[in-house]
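Look at how charged side chains pair up in a protein. Keep the sequence and the 3D view side by side as you read.

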Amino acid sequence: MNRLRNVLSAAALLLATVTGPVAAEPITFRLGTVDAPTSHSGVGANAFAEAVARLSKGEMKVDVFHAGQLGPVPEQIRNVLAGAQDMHLLYPEFMTNFIDETRIISAPYVFRSPAHQQAYFKSDLFKPAMEKLAGLGAVILDEDWTWWQLDPRGLISVRPVLTPDDLKGLKLRIWESRTAIETWRGFGADTVVVPRPEMYLAFQQGIIEAGPETIGMAVDQRNVEPAKHWTRTDEYYQIINVMMNRSKFESLTEAQRAILRQAAKEAGEVFRRESERGFAEKRARAETEFKVEIHQPDLAPWRAKAPAIIEALEADGTIPKGLAAEVAKIPAQ
């Protein structure tokens, strides 16, 4: 028996010497986005995945699913909260059905700058939102909210839109947010809820004639093919983040969690640069390749409508009463 045991031990040692240690499978996460791989968020998501792999030395891996492969935004949010999906590249204004404090984000002309919005996300006013999110089953990875979209907000449309009066009778694509819907109705548009991945087809079929988005996004989503006018509106600013299922996050070691947070910050820098480039290079491409006319009108008529829109949003409970006034008091860092 001892002789047999020694022979088996020697064989095992020889096998280990020849083959080497068996590498452990990496911990894999699925991250979903709704934008094209070449978009600012697509590039940022890929940068996040690369940073996770590098910082963890291959111990963790992020598989990115672009362009709504895992479903539209509301579905992906629900899946992350339920644990059916690990991560989602979140536009927090899409959380309005879950968290009251996010309803103010896309209200018109509430924030003075990206820095002002970042200060709101890090303020005591927004702290209850983070507590609610944790209770719902998710966490935010970039606690400093560094994913600033520097490609400004605008409106891609089939005809020129220079003032809110030009929106009358215009079929405008909007996302599933009462704040956004009522804001654009307040400006004068006829809103139609269409998921972002279906926006191009909706343009082609005449279901919509316009939609709020950056010029960089309009190029990436090919909406510059059916719509030949883009108007800069700057009605709100966007900062996105990586939302992760809380149970999945808490199942990791402290070192692994720190890597995910660091990767999110590094990717935020990539996203900022890419979004800034989008307004320069992709704007030029829109003008030269797709013959899109860029309009940068005086925004005074747009801003003049904002107080009445916010008052109406507060009156019907769409946004918490008095929150806009409290946000205005926050100094930008």
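The model is predicted: local features need pLDDT of at least 70, side-chain atom pairs count only at pLDDT 80 or more, and totals for chains, interfaces and linings use all residues. Residues are numbered from 1 along each chain as its sequence is written, and side-chain values use heavy atoms, with hydrogens and water left out.

The structure holds 27 salt bridges. A salt bridge is a side-chain nitrogen of Lys or Arg within 4 Å of a carboxyl oxygen of Asp or Glu.

| Pair | Closest N and O atoms |
|---|---|
| Glu 143 and Arg 261 | 3.8 Å |
| Arg 159 and Glu 209 | 3.9 Å |
| Lys 282 and Glu 274 | 3.9 Å |

Take Glu 143 and Arg 261, which form a salt bridge. Glu 143 sits in the loop between strand S4 (138-140) and strand S5 (147-148), and Arg 261 sits in helix H10 (residues 254-288), so the pair ties together parts 118 residues apart in sequence. Helices (H or I, at least four residues) and strands (E, at least two) are DSSP runs, numbered from the N terminus.

Now for accessibility. Buried means under 20% relative accessible area, exposed over 50%, and partly exposed in between (1.4 Å probe, protein chains only). Glu 143 is partly exposed at 48%, while Arg 261 is buried at 19%. Arg 159 is partly exposed at 31%.

Lys 282 is buried at 7%.
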